[in-house]
Amino acid sequence: MLFRSQMKDAGASPTAIVDAQRKLTVQQKTENEFANGTAQKTITAMNAFVQHAHTLEKLAQAQQNGDINAINRIRAAWQNQFGEPLPNDINLVSQLVGDELQKAAAGVPGGEAERSALKGRFDAAKSPAQMLDALNQARHLVKGQLQSLEQRYKAGGGSQDFANTFLTPDAQAL
């Protein structure tokens with residue numbers, strides 16, 4: 001063990017060596033979890049939700065304001081991002097975003113009932129104003145979960161800048 005011998009050569013006590021090895025093990029597990037594990041999958045799902053929620057928000061605002069040019073820009077962006085046309089019904093778009101929220105919430109504590117309730121807010125939204133309210137509430141919840149993941153990453157000795165390493169610009173803006 002090169003690490004142990006280097007610390008011993010540097011005059012570290014046996015207790016300091018054991019403590020340093022424990023910290024290194026925790027840090028390695030944390031880095032692996034956030035690079036390849038459940039935390040990484042949760043963050044990826046949350047990033048996708050935030051990005052698509054932003055698109056849905058623009059669509060709801062454009063519908064609320066009767067802005068056809070904005071709706072056409074959103075349709076083009078959707079086509080570019082997903083390779084298929086934007087559904088004509090805002091409720092269908094909201095169901096897709098609600099499904100993404102449910103995936104994002106799957107990696108965090110809570111049961112199926114809580115995840116279904118989150119998705120249900122999108123399914124129940126019947127107007128652009130209700131959709132915007134549901135989006136704001138969902139973003140608030142996702143922001144809290146991302147902050148919790150960041151705290152867990154730092155507590156585990158994560159060595160990189162969490163936001164710039166793991167979050168999209170839209171998720172960073174939460």
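Helices here are DSSP runs of H or I of at least four residues, numbered from the N terminus. The model shown in these views is predicted.

**Figure 1. Overall fold of the predicted model.** The protein contains 9 helices and 0 strands, and its elements follow the pattern α-α-α-α-α-α-α-α-α along the sequence. Of the 174 residues in the protein, 35% are buried. Among contacts in the protein with a separation of 6 or more, 60% are between residues 24 or more positions apart.

Figure 2. Phenylalanine 49 belongs to helix H3, which spans residues 38-65. The relative accessible area of phenylalanine 49 is 0%; since buried means under 20%, this residue is classed as buried. With residues up to four places away in sequence left out, phenylalanine 49 touches Val97, Glu100, Leu101, Phe122, Ala138, Arg139 and Val142. The C-alpha atoms of phenylalanine 49 and alanine 104 are 7.1 Å apart in space, while the two residues are 55 residues apart in sequence.

**Figure 3. Glutamate 57, a buried residue of helix H3.** Glutamate 57 is found in helix H3. Its relative accessible area is 17%, so glutamate 57 counts as buried, the cut-off being under 20%. Leaving aside residues up to four places away in sequence, glutamate 57 touches Leu132, Leu135, Asn136 and Arg139. Arg139 is also one of the residues touched by phenylalanine 49.

**Figure 4. Packing of helix H3 with helix H7.** The axes of H3 and H7 are 10 Å apart, and the helices pack at an angle of about 155 degrees. Because angles over 145 degrees count as roughly antiparallel, H3 is described as roughly antiparallel to H7. The two helices form a left-handed crossing. By class, the residues of the contact of H3 with H7 comprise 17 nonpolar, 7 polar and 3 charged.

**Figure 5. Packing of helix H3 with helix H4.** Helix H3 (residues 38-65) and helix H4 (residues 68-82) have axes that come within 9 Å and cross at roughly 155 degrees. H3 is therefore roughly antiparallel to H4. The crossing in which H3 passes H4 is left-handed. On the H3 side, the contact is made by Gln51, His52, Thr55, Lys58, Leu59, Ala62 and Gln63. On the H4 side, the contributing residues are Ala70, Ile71, Ile74, Trp78, Gln81 and Phe82. The contact of H3 with H4 divides by class into 7 nonpolar, 5 polar and 1 charged residues.

**Figure 6. Packing of helix H2 with helix H7.** The axes of H2 and H7 come within 9 Å, crossing at roughly 145 degrees. Helix H2 contributes Thr30, Glu31, Glu33 and Phe34 to the contact, and helix H7 contributes Leu149, Arg152 and Tyr153. The residues of the contact of H2 with H7 fall into 3 nonpolar, 1 polar and 3 charged.

Figure 7. Phenylalanine 34 is buried at 2% relative accessibility, and tyrosine 153 is buried with a relative accessible area of 0%. Phenylalanine 34 also pairs with phenylalanine 166: the ring centres are 5.8 Å apart and the planes are at 55 degrees, so the pair is tilted. This second pair likewise links distant parts of the chain, with phenylalanine 34 in helix H2 and phenylalanine 166 in helix H8 (residues 162-166), 132 residues apart. Phenylalanine 166 counts as buried at 16% relative accessibility.

Note on methods. Residues are numbered from 1 along each chain as its sequence is written. This is a predicted model: local features need pLDDT of at least 70, side-chain atom pairs count only at pLDDT 80 or more; totals for chains, interfaces and linings use all residues. Side-chain values use heavy atoms; hydrogens and water are left out. Buried means under 20% relative accessible area, exposed over 50%, partly exposed in between (1.4 Å probe, protein chains only). Rings of Phe, Tyr and Trp (its six-membered ring) pair if their centres lie within 6.5 Å; planes under 30 degrees apart count as stacked, over 60 as edge-to-face and the rest as tilted. Axes are lines fitted to C-alpha atoms, for helices over the stretch in contact, and angles run from 0 to 180 degrees between N-to-C directions. Angles under 35 degrees count as roughly parallel, over 145 as roughly antiparallel, 65 to 115 as roughly perpendicular and the rest as oblique. A crossing is left-handed if the near helix is turned anticlockwise from the far one by less than a right angle, and right-handed if clockwise. Contact means heavy atoms within 4.5 Å. Ala, Val, Leu, Ile, Met, Phe, Trp, Tyr, Cys and Pro count as nonpolar, Asp, Glu, Lys and Arg as charged, and the others, Gly among them, as polar.
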